[in-house]
Amino acid sequence: MEGGGRNIGEEKKKKVMVAIDENECSFYALKWALENLYESLQNSEVVLFTAQPISDYGYIYASSFGVASPQLMASVQQNQKKVANALLKKAKDFCTEHEIVAETMTQMGDPKDTICEVAEKLHADLLVLGSNNKGALHSPPDHPHPLQCLPGDRLSILELGSGPIHRTVG
């Protein structure tokens with residue numbers, strides 16, 4: 001045993017985070033990773049993550065003449081959580097079909113920020129995400145990547161859309 005309680009030669013498991021949303025590109029990215037990184041994923045901790053965007057409740061206030069009941073607000077948030085859990089269940093079932101053990105995680109917030117925060121918290125080595133250049137993770141033409149993750153750390157980002165694009169941040 002070495003100082004940290006590990007056996008000599010025992011390698012630390014890599015952490016792979018897969019960002020999932022309602023976009024079919026994120027499930028394409030998951031499928032691609034499961035099929036092309038299978039051996040690596042079997043020896044890694046896999047975390048399936050979805051961000052629950054903070055909803056714009058302006059339409060609720062407008063439709064209720066400026067007075068939205070707490071029950072209505074709670075109902076909207078509860079529905080959003082159900083959607084997130086359904087996405088994660090679908091992704092986890094997909095992993096199980098490919099004999100990959102994965103844990104799931106969700107958090108409220110802007111996906112661009114929340115994905116990076118969670119990847120940092122988890123000390124992820126690889127972030128897999130799908131991109132169709134639309135939606136929450138769309139980056140403007142002058143920006144090389146929609147996420148501003150972990151300056152100074154090493155995080156590989158595998159972004160899959162019409163074709164795989166590998167980017168290393170840090």
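1. The structure holds two salt bridges, a salt bridge being a side-chain nitrogen of Lys or Arg within 4 Å of a carboxyl oxygen of Asp or Glu. This is a predicted model, in which local features need pLDDT of at least 70, side-chain atom pairs count only at pLDDT 80 or more, and totals for chains, interfaces and linings use all residues. Residues are numbered from 1 along each chain as its sequence is written, and side-chain values use heavy atoms, with hydrogens and water left out.

2. Helices (H or I, at least four residues) and strands (E, at least two) are DSSP runs, numbered from the N terminus.

3. K15 is partly exposed at 21% relative accessibility, and E45 is partly exposed at 31%. Buried means under 20% relative accessible area, exposed over 50%, and partly exposed in between (1.4 Å probe, protein chains only).

4. K89 forms a salt bridge with D93, the closest N and O atoms being 2.8 Å apart. Both residues sit in helix α4 (residues 70–97), and because they are four residues apart, about one helical turn separates K89 and D93. K89 is exposed at 52% relative accessibility, whereas D93 is partly exposed at 33%.

5. As for the whole fold, the protein chain has five helices and six strands, in the order β-α-α-β-α-α-β-α-β-β-β from the N terminus. Of its 170 residues, 38% are buried.
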